[in-house]
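Subject: Structure handover

Hello,

I am passing on the structure we spoke about, with notes on what was found in it. Please look through it before reading on.

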Amino acid sequence: MGEWRTLRDLNVEEQCKDYGQALNVLENVYNATDELACWRTELAPVAAIDSYQIIDDPDDGAGWRKVGALQEALRRNSVLPPIVLAHTATSARGGYGLLDGRHRFNAALLEGRSFIRAWVAHVGCCGGPASNR
Ligand SMILES: [Zn+2]
């Protein structure tokens, strides 16, 4: 599965869309800093991503327009930036928390994609290191 990386490493390689937001969630929800080598690049199963992140507000016009544009990009086979996930214990919400990439996730879901390119944190699971904060 390749080596463990830090969020900082990954962001140098291919810039995260909202690094500050992803780091904020990593620190406050997963108790890890951007120096914890708990990350791998993976193809994550779309159906297992936090179902609370599915956009279901019919009045979110701006959100739907973004998702629609991303759906078109997927149909053109454009490569979108990876979304940012954290592997969690499986619950009714799914097995992956979403740190960045809500619109890309929703576009992949609506396009019926099985997998999405992602950075996935394994904090204390799957052989990943324990939280460091
Ligand atoms: Zn894991």
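**Salt bridges**

A network of salt bridges links R5, D9 and E13. Please keep in mind throughout that the model is predicted. The count of salt bridges comes to nine, and some of the others are described below.

One of them joins the side chains of E111 and R75, with N and O 2.9 Å apart. This pair connects distant parts of the chain, 36 residues apart: R75 belongs to helix α3 (residues 61–75), while E111 sits in the loop between α4 (102–110) and β4 (115–121). R75 counts as exposed because its relative accessibility is 53%, and the cut-off for exposed is over 50%.

Another salt bridge is formed by D100 and R104, whose closest N and O atoms are 3.3 Å apart. Are its two partners buried or exposed? D100 has a relative accessible area of 10%, so it is buried. R104 is at 5% relative accessibility and therefore counts as buried. The cut-off for buried is under 20%.

**The zinc site**

Which residues coordinate the zinc ion? The donors are H87 and H122, each through ND1, and C125 and C126, each through SG, at 2.0 to 2.3 Å. Along the chain these donors follow the spacing H-x34-H-x2-C-C.

The arrangement is tetrahedral because the angles subtended by the four donor atoms run from 98 to 124°, and the rule asks that all angles lie between 85 and 135 degrees. As for accessibility, C126 has a relative accessible area of 43%, so this residue is partly exposed.

**E42 and its contacts**

E42 is found in strand β1, which covers residues 39–45. Its relative accessibility is 13%, so E42 counts as buried. What does its side chain meet? There is a polar contact with the side chain of H122 at 2.7 Å, and H122 is itself one of the zinc donors, through ND1. There is also a polar contact between the side chains of E42 and R40 at 3.2 Å.

The pair E42 and R40 is a salt bridge too, with 3.2 Å from N to O. Both E42 and R40 are buried.

**In short**

The points to look at on screen are the network of R5, D9 and E13, the link between E111 and R75, and the zinc ion with its four donor atoms.

Regards

Notes:
Residues numbered from 1 in each chain as written. Predicted model: local features only at pLDDT ≥ 70, side-chain atom pairs only at ≥ 80, totals over all residues. Heavy atoms only, no water. Salt bridge = Lys/Arg side-chain N within 4 Å of Asp/Glu carboxyl O. Buried < 20%, exposed > 50% of the residue type's maximum accessible area, 1.4 Å probe, protein only. Helix = DSSP H or I, 4+ residues; strand = E, 2+ residues; numbered from the N terminus. Donors = N, O, S within 2.8 Å, 3.2 Å for Na, K, Ca; no water. Tetrahedral: all angles 85-135°; square planar, octahedral: opposite > 155°, others 65-115°. Polar contact = N/O pair within 3.5 Å; in protein donor to acceptor, adjacent residues only side chain to side chain.
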